[in-house]
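Open the model in your viewer and keep the sequence panel beside it. The stops below follow one another as selections.

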Amino acid sequence: MQVEDVCRAEHIAVGSEILLGQIANGHAQTISQTLAEQGFFLFYHSAVGDNQERLMQVFQQAAKRSNTVIVTGGLGPTEDDLTKEALAASLGRRLILSESALREIESYFHGRGRPMPESNRKQALCIEGGELIPNPNGTAPGQYIFADGVHYFLLPGPPLEMKPMLTNSVIPKLHTIFSNRRLIRSRVLHFCGIGESDVDMQIRDLLHKSNPTVAPLAGEGEMLLRISAAAESESVADALIKPIEEEIRRRFADYIYGTDEETLPSAVGRRLRESGWTLALAESCTGGLISSMITAVPGSSAYFQGGVVAYQNEVKQAALGVQEETLRRYGAVSEPTAAEMARGVQTRLGATIGAAVSGIAGPSGGTPEKPVGTVCAAIAGPDGVSTWTMHLRGSREQIRVRAAKRVLWEVYRRIGEKPAGA
């Protein structure tokens, strides 16, 4: 087979359950990441149901624009598993029983002490001219077919079967087919405390670059910028990324807390550990969400004292020492109440810094003076208490997540204002 130049790949996920929303198309992410790591370009994703006519249409469309087509799903033993049938019909080829595949399937069932159902014979059918791709973890072998300049890879749907076959069979095959690979490297910068539109306004001159590219990624309560470069090696790609990253950091020094896989809770934990500070939390509307984020980071016991979920006013008073007069005069959702919650959890749990949040997450409970999305927060530290009020929009869960991340961001900033060990 002639070695080709550039891989132009696409992925087709087969299964009506994907279109019905019953399962997520997780293979799209897996295949995208795997190919990018190996320097192969994936240009299209699509999903199609278990219908032979529509499958044939999708295959014919893919053949016009791609030279590599990776298909997942539709290789099972039931009547609605039609991937091989549709591709064979689209290519005008026959389906031929593979004796070696049949023996593998029979051996699979024999090893589990069960006779092979007759319906599983269907999984041993191979498209004429194709090659079997071994599946050591299931009954559906994959297939590789080359036809009319297009390389087709058929893989089963179960992730524990598909992923090893992709890594151990498809990727090595692609390396033998395509000679010109360009490694794709990405650097992701994490922002908090600034809106996506504000960042976009200040990086418009960078968004039009072709290599590296800069792309904003929205998140709940934060945002990300991804810098991606294509090159022949990691070192060349990193060299392309470096000046762009330095320029972005220069423009947004006060808002970047981490890179790549780092999360806001892990960044807070890093600063707490470096400073020798400890943290305690008092939560009302977030219901322990911030504490959950903090404790999801391994090793958080080194700096997290604990948290109090004080939903009712009586608990705010009894567990945190909030004054009845404060609640009566200002209400539970107020900066004075948040301040007393923060100071109370700081002193009662013996932490360097205490943070508190109280608000109206909705969908009900708002008033004209304090509508849904009104959230008050406070931080109590060695140098006093600071408070602020947020006016958040979105669903109940969005308001809770956005409030939690804003509190974490303010904690991160507060620790950064002090030298280590202060």
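In which loop does Asp 260 lie? Select the loop between β12 (256-259) and α10 (264-275), and Asp 260 is there. Helices (H or I, at least four residues) and strands (E, at least two) are DSSP runs, numbered from the N terminus. Asp 260 has a positive phi of about 55° although it is not a glycine. With a relative accessibility of 28%, Asp 260 counts as partly exposed, where buried means under 20% relative accessible area, exposed over 50%, and partly exposed in between (1.4 Å probe, protein chains only).

The model is predicted: local features need pLDDT of at least 70, side-chain atom pairs count only at pLDDT 80 or more, and totals for chains, interfaces and linings use all residues. Residues are numbered from 1 along each chain as its sequence is written, and side-chain values use heavy atoms, with hydrogens and water left out.

Next, select Asp 148, in the loop between β7 and β8 (150-155). Its phi is near 50°, again a positive value in a residue other than glycine. At 77% relative accessibility, Asp 148 counts as exposed.

From there, step back to the sheet. Six strands form an open sheet in the order β2-β1-β3-β8-β7-β6, with mixed pairing; two strands pair if DSSP finds at least two bridges between them. β2 and β6 (131-133) stand at the edges with a single partner strand each, so one side of each has no neighbour in the sheet. β6 runs antiparallel to β7 (residues 142-147), and 3 bridges join them. To see one of these pairings, select Ile 133 and its bridge partner in β7, Gly 142.

Now look at two prolines. The peptide bond from Asn 211 to Pro 212 is cis, with omega near 10°; Pro 212 sits in the loop between α8 (204-207) and β10. The bond from Gly 362 to Pro 363 is also cis, with omega near 5°, and Pro 363 is in the loop between β15 (353-359) and β16 (374-381).

Then select the cysteines Cys 7 and Cys 126. Cys 7 is buried at 2% relative accessibility, and Cys 126 is buried at 9%. A search of the whole structure finds 0 disulfides, a disulfide being a pair of cysteine sulfur atoms within 2.5 Å.
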